Amino acid sequence: KVDPPPPPAPKKVPDNILIGAQELSKANCFINMARKRPARKVDAAKTTILIVEDDTTTQYLLHILLSRAGYQTRRVGSAAEFISAMQKAPLPDLAILDIRLNGDVSGFKILAKIRSHPRIAKMPVIILSGQTDPTDLMQGVSLGADAYLSKPTRAKSLMDAVQAVLGG
């Protein structure tokens, strides 16, 4: 018996597709594209990114990286500061969220509150965390994170994730 010929190969297969959570430690990135995003051209100068990170060095590095790309940034280091920032205009277009924060409120709890709040439920959220256990990844994705990047991460991986979740 002769097997039929294989289907034609796609013209180009992206080499950055992530299959399996075990790849997280190698790729440093997981992007959850399940949530529908509008295809749009992102105007960085009109885009505000809220950095929720308790380590001031990491917070500052993220601010520098995103500012150099033209984004507006606001920085907070705790759940209380996050709540305060969400009460100020303009609302952020994106949040970059650490999981382990000072105090008793984790980034997972903040993410759950974001997804349950009618005004900000659709705001894209990128988790940037040193917690890379597959159960942490799955919890972040199940709570509605748009991307999960492990620390340390490459600047290009972060910027690619920002573009992807903003719909650009």
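Residues are numbered from 1 along each chain as its sequence is written, and side-chain values use heavy atoms, with hydrogens and water left out. Since the model is predicted, local features need pLDDT of at least 70 and side-chain atom pairs count only at pLDDT 80 or more, while totals for chains, interfaces and linings use all residues.

**View 1. Strand 5, covered on both faces.** Five of the five residues of strand 5 (residues 125-129) are buried, so the rest of the structure largely encloses this strand. (Buried is under 20% relative accessible area, exposed over 50%, partly exposed in between, with a 1.4 Å probe and protein chains only; helices, H or I of at least four residues, and strands, E of at least two, are DSSP runs numbered from the N terminus.) Val125, Ile127 and Ser129 sit on one side, Ile126 and Leu128 on the other.

**View 2. Strand 5 beside strand 4.** Three bridges join the parallel pair of strand 4 (residues 94-97) and strand 5; pairing takes at least two DSSP bridges. Look for Leu97 opposite Ile127.

**View 3. On to strand 6.** Strand 5 and strand 6 (residues 147-150) run parallel, joined by four bridges, and Ser129 faces Ser150. Helix 5 (residues 134-142) carries the chain across, again in a right-handed β-α-β crossover.

**View 4. The two sides of helix 5.** Asp136, Leu137, Gly140 and Val141 are buried. They span an arc of only 130° around the axis, so they lie on the same side of helix 5 (the arc is taken from the directions from the helix axis to the C-beta atoms). Thr135 and Ser142, on the other side, are exposed. Just after the helix, Gly144 has a positive phi of about 110°.

Technical notes. Right-handed = clockwise from strand over helix to strand, strands pointing away.
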